[in-house]
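Here's a quick tour of how this model is packed inside.

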Amino acid sequence: MRITVVGTGYVGLVSGTCFANSGNTVTCLDINVEKIARLNRGEIPIYEPGLEELVVRSVKARRLLFSTDTASAISTAQVVFLAVGTPPSADGSADLSSLWKVVDAIAPHLDPEAVVVTKSTVPVGTCAGIETRLKARTGRECRVASNPEFLKEGAAIHDFQKPDRVVVGVRSAEVAEILRSLYLPFLRTEHPFLVMSPESSEMTKYVANSLLATKISFINEVANLCERMEADIDDVRRGIGHDKRIGFAFLFPGVGYGGSCFPKDVQALTAMARDHGVVPRILEAVHETNLAQKQVLGEKIVAHFGGQLAGRRIAVWGLAFKPRTDDVRDAPSLDLLEQLLAGGAQVTVYDPEAMENVRAIHGDRLTYAVGPMEALDGADCLAIVTEWGDFRHPDFHDMARRMRSPTIFDGRNLYAPAEMRSRGFEYHSIGREAAV
Ligand SMILES: NC(=O)c1ccc[n+]([C@@H]2O[C@H](COP(=O)([O-])OP(=O)(O)OC[C@H]3O[C@@H](n4cnc5c(N)ncnc54)[C@H](O)[C@@H]3O)[C@@H](O)[C@H]2O)c1
């Protein structure tokens, strides 16, 4: 099939590459001239494990192209995926301005038989809005479908090629069949292809992300309570997780959820609820709890230093909003850095992949270490924000030797408190012993 993916970001580039790798001819279209030029030079603009190899292979096979030319990329496409960003507006609702610009730009070039598919996360009713807009621009009925994307950054290739399920929202069986044949190579392990209305499909994406965010905020709230009541959230987590009705997924306490999806999708669903007269009590609490949780590690550090951060040297391990990505959008690390810098601390950071994205925000307000150990030299404490595998088994002896004071604030509960005590560290974590 000839496919064009509009928007060559984390979702568009991964989707386009995986579709190309399964035998389709794919053009990834973007307005970012520099990004497309880099891709055409063979440079991958994001860090995503396994992506580069697939891009190189597909480009070599001439099945994957990168372009800024809307007319030629759209006129030959049988399926056009929309994968542009849908960030939050000031009131929390999804900002669809990029999406509408794309719809207007592609309308004059669309083949009458082409199917336009929203892969961007969009509010319920957007598909219907695109149908209306395309009809007004082209003078004919256009085929529009919803196909929300559930991939996780850091495991995006795996998630795309082996999805738990594929959801499509369509108005005709014919369009469902086109999408089913496109996804068939990824559904060989009998994972379901779920066909529903565009409205249900659009809603499914928001509900999935909001429920996962709810689990995280719930366990974070309970962790904070455990800490004050001499209970240990790790034990409690195990105690509940073995209950098959509950399970373990997304019940790890930490420094709050971040990234470009959960925060904005919870807010967008909240806005939809308000617009339709449903009081979004749970969704609002999930968001508020998360905002507060992003402050928790910084508050512990400030309290430890008696409210005085000025002149303190603080090392931070982990900047990406989660491991195996370079994405720092809405990352909890950004909140912590603001707290530390506002207090006058000297902050040295290390992340295996996200340093350049943080440098673009903070420039020389931070010191960027060449490695995790180097970040610790002369530090009064270490804050751990992202659970990269690199941090799980460090040389504790070397750490203690390099630090001015062997004190750790672990926002991801990577280590066992008793072991840290025996290694001579003062160790603070989330929802476990108050301090050891
Ligand atoms: N990132 C994820 O993990 C993830 C997962 C599932 C769903 N989503 C959803 O997918 C959508 C895209 O997310 P992303 O993280 O890939 O965004 P992104 O910001 O990484 O990429 C968006 C791309 O769209 C391009 N773009 C913007 N306006 C354009 C236009 N008029 N024409 C062509 N290109 C244009 C940008 O230049 C950018 O390259 C969002 O709705 C998001 O909620 C994201």
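## Cores, a helix and a sheet

In this predicted model, the largest nonpolar core takes in 77 residues, and V6, V79, V80, F81, L82 and V116 have the most contacts inside it. Domain 1 (2–196) and domain 2 (233–428) each give at least three residues to this core. There's also a second, separate core of 41 residues, with V255, V316, V349 and M403 among them. As a rule, nonpolar side chains in soluble globular proteins tend to be buried together.

Back to L82: leaving out residues up to four places away in sequence, L82 touches V6, G7, L99, V102, V116, V117, T118, K119 and S120.

Now for helix α8 (residues 173–183), where I178, L179 and L182 are buried. Looking down the axis of α8, the buried residues stay within an arc of 90°, so they line one face of the helix. Turned away from that buried side are the exposed residues A173, E177 and S181. What do the buried residues of α8 pack against? Their partners are these:

| Element packed against by α8 | Residues |
|---|---|
| α1 | 10–21 |
| β4 | 79–82 |
| β5 | 115–118 |
| β6 | 143–146 |
| β7 | 166–169 |

Then there's an open sheet of six strands with parallel pairing, ordered β11-β10-β9-β12-β13-β14. Its edges are β11 (367–368) and β14 (426–428), each pairing on one side only. Within the sheet, β9 (residues 313–317) and β12 (residues 381–384) pair in the parallel sense over four bridges. V316, which is also part of the second core, has A383 in β12 as its bridge partner. Helix α12 (residues 281–304) lies across β9, β12, β13 (407–410) and β14, and runs at about 170° to β12.

Notes
Residues numbered from 1 in each chain as written. Predicted model: local features only at pLDDT ≥ 70, side-chain atom pairs only at ≥ 80, totals over all residues. Core = buried A, V, L, I, M, F, W, Y, C linked by C-beta atoms within 7 Å. Buried ≥ 20, exposed ≤ 12 C-beta atoms within 10 Å, placed from the backbone. Domains from an automatic or database assignment. Contact = placed C-beta atoms within 7 Å. Helix = DSSP H or I, 4+ residues; strand = E, 2+ residues; numbered from the N terminus. Arc of directions from axis to C-beta. Pairing = 2+ DSSP bridges. Axes fitted to C-alpha atoms, helices over the stretch in contact; angles between N-to-C directions.
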